[in-house]
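Today I am going through the aromatic rings.

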Amino acid sequence: MTKLMLHACCGPCSLEPTRIFSEEGTEFIIDYENPNIFPPEDYEHRLSTLKEYVTEPQKVELIEGEYDPQTWEEQVAIYGTDRPKRCRACYRLRLERAAEHAVEHGCDSLTTTLTISPYQFTDIIFEELQRAADRYGIKAICCDFRSCYPEATRRSRALGMYRQNYCGCRFSIAEAAAERKERKKQLEHEKYLKHRALMWAAAEGCTNQMSQL
Ligand code: SF4
């Protein structure tokens with residue numbers, strides 16, 4: 001491999017992949033290719049975080065794709081709340097553009113930071129990565145970065161980086177909020193069950209003590 005194009009979705013997700021590639025001596029450049037992100041202010045916030053904490057300190061070349069939410073709406077939003085179909089179309093759009101940029105910038109291989117998130121569809125990402133790479137005659141490097149997620153979370157928190165709490169598109173804002181609400185409900189239920197078990201254990205203890213009198 002001579003040069004790798006790393007498609008990056010944001011700063012926190014790029015921390016560990018860039019550390020790994022730097023340590024193993026892989027020559028790489030980064031493509032911030034994310035027309036999916038809504039609202040535009042968040043697109044800018046993620047980009048400035050990527051620059052401040054990843055590309056500038058490591059002196060890695062950064063390419064920025066065209067931010068055109070209109071194309072995302074036409075090619076991806078049509079799948080609405082059907083997440084697997086919508087996310088596949090979203091990966092396709094971003095990775096095809098990243099593959100095109102890879103060729104333009106003399107890279108012979110392509111990978112993505114997207115696989116670091118346990119909330120993404122890893123198998124679909126790999127299929128779309130392969131498809132995009134084949135289309136542009138370069139090699140797909142299917143790195144599964146999910147094991148890096150805890151360390152990326154720890155490091156990004158320690159650095160005080162901006163950490164968005166949704167994937168990126170307008171649909172994912174509502175989906176992430178619903179998931180957080182569901183998790184909160186589950187935690188409260190578990191807390192209630194634990195409390196009830198403790199109360200029963202205490203009541204049983206009292207009954208036993210009474211029966212010994
Ligand atoms: S949830 Fe994420 S990957 Fe799926 S369509 Fe939205 S931005 Fe794209």
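I started with a count and found 6 aromatic pairs in the structure. The model is predicted, and I keep that in mind throughout.

I looked up Phe21 and Phe145 first. Their rings pair edge-to-face, with 6.1 Å centre to centre and 85° between the planes. Next I checked where the two residues lie. Phe21 belongs to helix H1 (residues 11-23). Phe145 is in the loop between strand S5 (139-140) and helix H6 (149-159).

Buried or exposed? I checked Phe21 and Phe145. Phe21 has a relative accessible area of 4% and is buried. Phe145 is buried too, at 5%.

I then turned to Tyr119 and Tyr149. This pair is edge-to-face, at 6.4 Å centre to centre and 85° between the planes. Tyr119 sits in the loop between strand S4 (109-112) and helix H5 (122-135), while Tyr149 is in helix H6. The pair therefore ties together parts that are 30 residues apart in sequence. For accessibility I noted 48% for Tyr119, which counts as partly exposed. Tyr149 has 27% relative accessibility and is also partly exposed.

Last entry: a charge and a ring. Which ring does the charged end of Arg46 sit over? I found the ring of Tyr166, with the charged end 5.0 Å from its centre.

Methods: Residues numbered from 1 in each chain as written. Predicted model: local features only at pLDDT ≥ 70, side-chain atom pairs only at ≥ 80, totals over all residues. Heavy atoms only, no water. Phe/Tyr/Trp six-rings, centres within 6.5 Å; stacked < 30°, edge-to-face > 60°. Helix = DSSP H or I, 4+ residues; strand = E, 2+ residues; numbered from the N terminus. Buried < 20%, exposed > 50% of the residue type's maximum accessible area, 1.4 Å probe, protein only. Lys NZ or Arg CZ within 6 Å of the ring centre and 35° of its normal.
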